[in-house]
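Morning, everyone. Please look at the model first.

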Amino acid sequence: MKRYNMQNNCCSLCRQACCPKRCPRYFPPSPPPPPPPSPEPICQVTTGIATDITPFTALIEGNQFIVSLPVLNVGAEISTDPGFTTALIFYGSAGNPFSVELSGLIPATTYYYRAFAQTALGVCRGMAGTFTTPIIPPTPIVITGDAVNITVSSALIEANQFSGIPAPIFSVGVEYAVNPSLIGSITVPGGTIETPYNVQLNGLAPATTYYYRATISAESGTFVGEIKSFVTPANPSVNTGDADSITRNTATIISNTFSNIPGSIFTVGVQYATNPLMIGAITTNAGSVGTPYFVNLSSLLPNTTYYFRAVITASEGLFFGEVKSFTTLPNPVSAVR
């Protein structure tokens with residue numbers, strides 16, 4: 001075999017007749033291909049939903065992430081700006097899915113939020129959601145009115161008021177009992193659901209202390225006002241006095257008394273007649289209104305039985321004592337000659 005050089009298309013190094021394209025020195029072997037590139041790290045976050053929204057708090061729950069690197073922190077960003085130019089960060093609980101509790105919110109405000117997951121390479125964020133905090137509900141207020149027009153058996157509870165009661169309202173009324181704890185109470189409804197409102201109480205006992213309060217029944221519950229009290233007066237009492245200093249034509253009715261007369265008293269006096277039914281009775285008033293009092297009767301007939309009773313004239317009517325009687329003295333007997 002002849003030795004060829006490169007000029008003769010021979011490789012003198014390998015001492016082989018060869019084509020230059022096959023000569024390892026003329027065309028060295030190609031380098032090995034580079035290794036394939038590393039896969040891009042995965043970091044995907046899904047923002048959950050806002051629940052349990054109050055004027056000051058909310059819960060972002062159901063947040064999820066798919067991340068190929070270790071997760072350092074999870075949480076949510078919130079802002080009143082949909083562009084999140086300024087945002088507050090709240091960190092969530094560990095786990096996947098995870099929840100984030102929001103606090104310190106402002107009532108009646110629209111918030112934008114998005115979940116995030118933080119790795120060594122940075123922060124991955126989910127799509128933004130939105131919610132609006134409710135307004136602060138007004139504080140329910142119930143004001144118990146005053147007891148007026150109190151009689152031995154009735155009273156009017158007037159000017160009861162309420163505000164801030166969540167609708168719907170079913171009824172308004174007054175609850176009352178004879179004990180301050182309102183055990184065994186009776187509730188009397190008002191006529192119309194409005195404020196203020198009045199309630200008439202009937203069937204009360206005389207000389208009794210009653211405790212009462214306004215009450216509102218609504219779908220959201222029962223709301224009550226403060227407990228107040230009033231005392232019914234005792235039954236009116238009129239006692240007819242006794243006939244004294246009886247003569248043929250005069251008598252004095254002494255020691256008439258009265259108490260618990262409702263309303264204004266105009267006059268006090270004595271009625272008298274010659275029949276026990278007091279038909280056609282004559283009234284003679286005392287000089288002044290007071291108790292006890294006396295009344296002088298005059299122009300009576302001799303030897304006549306008179307029936308009489310004390311009488312009180314007041315703005316609430318006439319009030320009488322029991323009927324009593326006396327007999328005037330007879331005329332003196334003429335001497336027989």
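One definition before we start: buried means under 20% relative accessible area, and partly exposed runs from there up to the exposed cut-off of over 50%. Keep in mind that this is a predicted model.

So, how many salt bridges does a search of the whole structure find? Five. I'll take three of them.

Start with arginine 213 and glutamate 175. They form a salt bridge, with the closest N and O atoms 2.8 Å apart. Arginine 213 sits in strand E18, residues 209–218, and glutamate 175 in strand E15, residues 169–177, so the pair ties together parts 38 residues apart in sequence. Is glutamate 175 buried or exposed? Its relative accessible area is 11%, so glutamate 175 is buried.

Next, arginine 125 and glutamate 77. Here the closest N and O atoms of the salt bridge are 3.1 Å apart. This pair links distant parts of the chain: arginine 125 is in strand E10, residues 122–125, and glutamate 77 is in strand E6, residues 73–79, 48 residues away. Glutamate 77 is buried, at 7% relative accessible area. Arginine 125 is partly exposed, at 42%. There is a third partner to note. Glu77, Arg114 and Arg125 are linked in a network of salt bridges.

Last, aspartate 146 and lysine 228. Their salt bridge has its closest N and O atoms 2.9 Å apart. Aspartate 146 lies in strand E13, residues 146–148, and lysine 228 in strand E20, residues 228–231, so parts 82 residues apart in sequence are tied together. Aspartate 146 is partly exposed, at 45% relative accessible area. Lysine 228 is partly exposed too, at 24%.

Note on methods. Residues numbered from 1 in each chain as written. Predicted model: local features only at pLDDT ≥ 70, side-chain atom pairs only at ≥ 80, totals over all residues. Heavy atoms only, no water. Salt bridge = Lys/Arg side-chain N within 4 Å of Asp/Glu carboxyl O. Helix = DSSP H or I, 4+ residues; strand = E, 2+ residues; numbered from the N terminus. Buried < 20%, exposed > 50% of the residue type's maximum accessible area, 1.4 Å probe, protein only.
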